[in-house]
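This briefing is intended for a reader who has the sequence and the model at hand. Its points are grouped by topic and may be followed residue by residue.

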Amino acid sequence: MAASTSIATVLLLVIAFAAQAAAKVVELNAMSFGKVVAKHKKLIFVEFYSPDCYHCQQMEPVLEEVSEALAGKVTVVKVDARSSHDLNSRYGVRKTPTLMIFRDGESVKSAYEDLQGYRSAPVLVPFLQKHIGSDVTQVASAEDVDAIVEEEEFAVVGVFESASSEAAQTFAQVANELRGHVRFASVAGDDVAARSLAENFEVDEVPSVFVVKRQNHTLKYEGVLHSKEELTSFVDHYAFPLVGNFSMLTYYRYTRRKADMVFLFYDQEDTDLNALANARYAVEEVAKEHDNISFLTVEATASEGDGRKIIHTVGNTFYKLPALAARSHDKERSLAYNQVVGITADRLRDFMAQWGRQGTMKDRCLVSNEEQREGDYTPERIEAYDKFVESEKERIMMSEDEIREVDLNSYKKVIKKSWKDVLIVYTARWCLHSLHMEDNMHKILRSGELNDLSDELTIVKVDVVLTSGSELKHVDSVPAMKYISARYKDFPNWYGGSPYDPEAIVQFVRAYHSMRHVEIPGEGPSPFAKKKEDVMKEALEPTEDGAFSRDGSEL
């Protein structure tokens, strides 16, 4: 009798559940949740919520969108966490909203981290779709794999003599855990088909596992096939598109990879779509040569946890989109691609070579070298850039009274004739790092921190886009800053610190200014230790025979 009652109860729950399913999102309580999850055959997407939670309220229309988009494939459920303490404890629900996936009566733990926080339907739907159906898609030919790559941009492919082999079973286990971001496909049990598929992708043995990406780019797994740990590590590091999309749902996976990133920034409304398509193709071409770097498209307005736009953290501005920049996996270094010129495969290869040589240099923007300037800085580009510069100067209130901006002619005069030491700030206003360096220099001068050096130091700035000449041949990135001592004009000193650190800038200036007064053994007292008028007076005093000791004009 008890068994009959239990079956009847479950049947009633299932019937009630089916009735609620017509209303897009099904609400379950703590008692009904476990029983329904155990019996339900579809994928279940669950939100643990509380009615007074603002973010939960934001999720309501998202859940409805997801339910409508995946009707018949995924059931969307919500559970009031306030009255579900046992469920909270069992599934680790410590805040609301908490999102989870259940399949075959069990929670999909590998999806947990990716689902936390606010999510939009366009991002959630494709993620959930990857959890529908089999962990591994069975394929019979290279054309089947190409179709998956066309849809997903990449796939992890296994070729095995038997589906029951240890290698095939390990492959299936890894697929079960990583399927939310990675599409797995295999041929197992058909030796002829397996070897034919492998040969199509230039893989020379069966069994094997390999990653296939767009443009027939293939990476073979060289580890132990029956090692779940090694295979998971390979997939986690290499199973990415040539050019992926950096979104809320892919964020954790890309950051876990711990690889340097190259961002292609765009704005769907303002970006020239032809320019974006050409830039993406160029990035794909170069991405094939850098398997250990993540290449990503990113909305120009996208931000990370600290609220700062990613485009700004790497030095790009909205001057011209699409724009491109590289960032180290620890976020300590960045290099922005020259925003004045277009993104081409050849220039991007040069950029990547520069990135590889950057070493410990932080926060830089690449600019055209001496050979590239004529072709890069056309009159049309200069005119557009000049307008942008004027608007930026007005926006951040740059004053020419504080730091004079010089052109090529006055640049040479300042260096050659100056009795004073000269500090030159090299800038390009499309580069946010440069704007910060300039802004910090202006703040330092306004604060009076360098007032005591004003009689012995001239500070100027040079826009490397608007100024040309051999004097700039050593400036391949900005912001850059050079201290030229009047005592040793042929041996300038370059600033190697951060443009965001005013204290380091002041220390740099004071350290090299001090050389002006140091008495060096073998050289005698520095002529610059005295004021210029005193040295001139001494130089023009007559000697005992009535002649002048030196020509004051030399000073």
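**Structural briefing**

Pro207 lies in the loop that runs between helix 9 (191-200) and strand 9 (208-213). The peptide bond joining Val206 to Pro207 is cis, with omega of about 5°. The model described here is predicted. In the protein chain, the secondary structure amounts to 20 helices and 22 strands.

**Overall composition**

- Of the 555 residues in the protein chain, 49% are buried.
- Among contacts with a separation of 6 or more, 71% are between residues 24 or more positions apart.

**Backbone features in loops**

- A cis peptide bond is also found from Leu321 to Pro322, where omega is near 5°. Pro322 is placed in the loop between helix 13 (310-313) and strand 14 (323-327).
- Asp104 is not a glycine, yet its phi is positive, at about 55°. This residue belongs to the loop between strand 4 (98-103) and strand 5 (106-107). Asp104 has a relative accessible area of 65% and is therefore classed as exposed.
- Lys331, likewise not a glycine, has a positive phi of about 65°. Lys331 sits in the loop between strand 14 and strand 15 (334-336). Its relative accessibility is 43%, so Lys331 counts as partly exposed.

**Helix 3 and its surroundings**

- Helix 3 (residues 54-69) packs against helix 6 (residues 121-129) at an angle of about 45°, and the two axes are 9 Å apart. Helix 3 is therefore oblique to helix 6.
- The crossing of helix 3 past helix 6 is right-handed.
- Helix 3 contributes Met59, Val62, Glu65, Val66 and Ala69 to this contact, and helix 6 contributes Ala121, Leu124, Val125 and Leu128. Sorted by class, the contact of helix 3 with helix 6 comprises eight nonpolar residues, one charged residue and no polar residues.
- Ser67 is also part of helix 3. With a relative accessibility of 8%, Ser67 is buried. Beyond its neighbours within four places in sequence, Ser67 contacts Lys24, Val25 and Val76.
- Lys73 occupies the loop between helix 3 and strand 3 (74-80). Its relative accessible area of 47% makes Lys73 partly exposed.
- Lys73 and Lys42 are 31 residues apart along the chain, and their C-alpha atoms are separated by 6.3 Å. With neighbours within four places in sequence left aside, Lys73 is in contact with Lys42, Leu43 and Ile132.

**Helix 8 and helix 10**

- Helix 8 (residues 166-178) and helix 10 (residues 228-238) pack with their axes 10 Å apart and at an angle of about 50°. Helix 8 is therefore oblique to helix 10.
- These two helices, helix 8 and helix 10, form a right-handed crossing.
- On the side of helix 8, the contact involves Thr170, Phe171, Gln173, Val174, Glu177 and Leu178; on the side of helix 10, it involves Lys228, Leu231, Thr232, Val235 and Asp236. The classes represented in the contact of helix 8 with helix 10 are five nonpolar, three polar and three charged residues.
- Asp236, in helix 10, has a relative accessible area of 30% and is thus partly exposed.
- Between Asp236 and Leu178 there are 58 residues of sequence separation, and the C-alpha to C-alpha distance is 8.5 Å. Not counting residues up to four places away in sequence, Asp236 touches Leu178, Arg253 and Arg257.

**Val149 in helix 7**

- Val149 is located in helix 7 (residues 142-152). This residue, Val149, is buried, as its relative accessible area is 5%.
- Excluding residues up to four places away in sequence, the contacts of Val149 are Phe154, Ala155, Val212, Lys213 and Arg214.
- Val149 and Asn216 are separated by 67 residues in sequence and by 9.3 Å in space, C-alpha to C-alpha.

**Helix 18**

- Helix 18 (residues 432-447) has 16 residues, which at 1.5 Å a residue should span 22 Å; its end C-alpha atoms are 22 Å apart, so the two values agree.
- Buried residues of helix 18 include Leu432, Leu435, Met437, Met441 and Ile444, and among them are also His433, Glu438, Asp439 and His442.
- Gly448 follows helix 18 and has a positive phi, near 85°.

Definitions and conventions
Residues numbered from 1 in each chain as written. Predicted model: local features only at pLDDT ≥ 70, side-chain atom pairs only at ≥ 80, totals over all residues. Heavy atoms only, no water. Axes fitted to C-alpha atoms, helices over the stretch in contact; angles between N-to-C directions. Helix = DSSP H or I, 4+ residues; strand = E, 2+ residues; numbered from the N terminus. Parallel < 35°, antiparallel > 145°, perpendicular 65-115°, else oblique. Left-handed = near helix turned anticlockwise from the far one by under 90°. Contact = heavy atoms within 4.5 Å. Nonpolar A, V, L, I, M, F, W, Y, C, P; charged D, E, K, R; others polar. Expected span 1.5 Å × (residues − 1). Buried < 20%, exposed > 50% of the residue type's maximum accessible area, 1.4 Å probe, protein only.
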